[in-house]
Amino acid sequence: MAGQTVSMKGPVCLIENDSDGKLCVVRSALETLSQIEQHVVVVAVVGLYRTGKSYLMNKLAGTNKGFALGATIQSQTKGIWMWCVPHPIKSDHTLVLLDTEGLGDVEKGDDSNDNWIFSLAVLLSSTLVYNSMGTIDNYALEKLHYVTELTDLIKVKSVEGDIDESADYVRFFPSFVWAVRDFGLELKLDGKPITAHQYLENALKLKQGTSNKIVNYNLPRDCLRKFFSPRWCFVFERPANSEKMKRMEELTDADLEPSFVKQSRDFCDHLFKEVKTKTMIGGLKVTGKMLGNLTEMYVDMIRSGQVPCLDNAVVALAQIENSSALEKAKAYYQQSMAKMVVFPTETQQQLSMVHASMEREAVAIFMNSSFKDEDQKYQKELMKALQEVYSTICEKNLQESQRACTHIIEHIFAPLKVQLRNGSYMTPGGYKHYCDDLKMMTSEYRSTGGKGVKAEEVLKEYLNDKESTGQAILSADQSLTEAELKAEEEKAKREASEQEKRTMEEQIRVQEMLMDDQKRTHEEHKKQLLEKMEADKENAKVEYNRVLEAKLKEKEDLLKEGFHCKAQEMEAQIKDLRKEQEEQEKAKPSMWKQALDNIGTAALMIPGWGKLIGVGLKVGSHFMN
């Protein structure tokens with residue numbers, strides 16, 4: 001999805017603490033996010049304060065400066081700071097970097113604030129980077145106790161009661177990266193070389209037993225394994241000596257240890273390539289604008305004492321995004337039609353072709369921005385709104401055609417008006433001259449452009465208006481015999497009948513085009529809805545396969561480690577997941593049929609375009625004799 005984005009010169013505060021100590025969003029940062037229509041990849045870094053989190057975020061932004069580093073024992077980052085930059089690999093994505101306040105800041109001493117900062121980082125990110133110093137040992141995992149408290153801080157479904165939803169977390173949580181700083185050990189296990197990723201997985205192995213000590217030992221490991229997938233680990237040697245470390249912002253790669261520079265580059269390259277687009281329930285891809293709305297929703301829930309709920313957030317976000325998508329599509333259609341249509345169009349087909357093109361693009365704009373449109377409520381509103389605008393345009397096209405034709409007739413038939421005023425035709429042989437002039441001027445009128453869709457109808461009105469005049473000239477022409485009079489009368493009737501036929505054919509062509517417009521509208525909405533449902537199906541399938549793969553791997557690891565009971569629990573989750581997927585697949589045909597029926601019903605309920613012809617017929621003008 002290509003779209004508008006924003007490239008910021010530096011980071012800004014997204015979430016801060018107000019004077020009462022409560023979390024609040026910074027309005028200017030939300031306004032920045034609201035301008036980003038591209039999908040986003042969101043990387044959030046968390047960790048204890050003064051562990052160098054901000055340095056890694058600056059590297060991801062492609063610079064040494066930006067997020068505050070500092071070289072003292074005080075935490076530099078407060079709240080959550082944001083930096084939006086173009087994604088270095090995915091040109092149609094924006095990379096959103098979130099640098100969080102250091103956990104365990106002694107100056108704040110507020111565990112509740114730390115828990116909510118950690119939870120928000122989880123909720124908002126595509127991948128969560130946990131930054132720590134030294135090694136991944138039991139002490140380091142104990143410091144990551146925040147992960148064990150997520151069950152009290154994040155709800156999946158909007159249901160009452162104390163329900164364990166942790167089995168669903170892996171479906172919605174970000175991937176996880178453990179960044180180990182100042183790592184001075186050899187990556188070996190039992191004397192054999194291992195990767196940093198294997199080092200992390202080994203550190204997350206569980207212990208057998210049921211004592212409180214073992215339960216506490218296993219708890220953070222079990223949570224990390226169940227909640228986050230995939231998981232990666234990167235180790236970094238100390239970048240420089242203590243003196244250089246005090247002025248990290250001033251140093252270039254040449255001033256740092258080559259091994260650290262390479263490790264940092266590998267870390268960035270991996271995240272650029274592997275971290276996916278931020279998604280929500282059902283694999284819905286998130287834009288910058290949506291991310292801003294989510295941020296505000298989650299913070300508002302926390303401020304009001306509620307636990308952030310993913311289901312509620314999706315429902316609320318759908319209302320916001322669908323309303324916005326509807327208005328955006330309507331505005332595009334109105335502006336495009338105003339720009340493209342020059343009144344009057346020569347034929348209804350010309351107008352219909354422009355309408356079809358602009359409608360197709362407007363529906364695509366709506367489809368790209370809308371989601372979870374229950375019963376196609378917003379799409380039906382869009383269909384009705386575009387039809388109403390088009391109806392107004394068609395009415396105006398009829399009126400402008402009437403006006404243009406009237407003006408052309410007044411100009412072309414002006415000499416006839418003069419001759420009639422002078423009585424030039426009220427002489428022997430005058431009727432023939434009158435008919436010849438009328439025929440010549442009618443031919444000139446028909447060959448003149450710019451008349452629009454009512455050319456024959458307005459001409460008929462004019463000729464009907466002149467019928468009594470022609471009859472009077474015919475009656476006064478003493479050069480004609482009685483037989484010739486009757487012949488001329490019959491000829492005039494035939495010509496009037498022929499003009500009536502031309503007018504009816506003109507109106508039928510317009511009516512047929514308008515009916516084709518209705519049919520095409522229905523087919524276009526149906527076609528794009530099917531395409532969207534197919535795309536949603538694929539996104540959901542990707543999410544399902546990812547979760548299934550994660551649970552299957554966890555089950556396999558548990559069996560290898562001898563945790564058969566836990567493996568059985570995981571097998572039960574896998575069965576539930578597969579059953580849920582099967583039920584959804586069975587329900588899809590009827591759901592899709594209902595969705596398409598909704599669109600079909602909406603198309604039938606919109607008033608027919610035939611009424612426009614009636615409107616056109618009423619738009620008349622009177623011609624002076």
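Author: Start with burial: a residue counts as buried when its relative accessible area is under 20%. Keep in mind that this is a predicted model. Now take strand E5, residues 93-100: 8 of its 8 residues are buried, so by that cut-off the strand is mostly covered.

Reader: Which residues point which way from E5?

Author: His93, Leu95, Leu97 and Asp99 point one way, while Thr94, Val96, Leu98 and Thr100 point the other way. All of them are buried.

Reader: And which strands pair with E5, in the parallel or the antiparallel sense?

Author: Two strands count as paired if there are at least two bridges between them. Strand E3 (residues 39-47) pairs with E5 in the parallel sense over 7 bridges. Strand E4 (residues 80-86) runs antiparallel to E5, and 7 bridges join the two. E4 and E5 also form a hairpin, with 6 residues between them.

Reader: Which residues in E5 are the bridge partners of valine 43 and cysteine 84?

Author: For valine 43 the partner is leucine 97, and for cysteine 84 the partner is valine 96.

Reader: What does the UniProt annotation for residues 473-587 say?

Author: The unreviewed UniProt entry annotates residues 473-587 as "coiled-coil region". In the model, that span is 93% helix and 0% strand, and its end C-alpha atoms lie 78 Å apart.

Key
Residues numbered from 1 in each chain as written. Predicted model: local features only at pLDDT ≥ 70, side-chain atom pairs only at ≥ 80, totals over all residues. Heavy atoms only, no water. UniProt positions renumbered as here; feature names shortened; annotations may be inferred. Helix = DSSP H or I, 4+ residues; strand = E, 2+ residues; numbered from the N terminus. Buried < 20%, exposed > 50% of the residue type's maximum accessible area, 1.4 Å probe, protein only.
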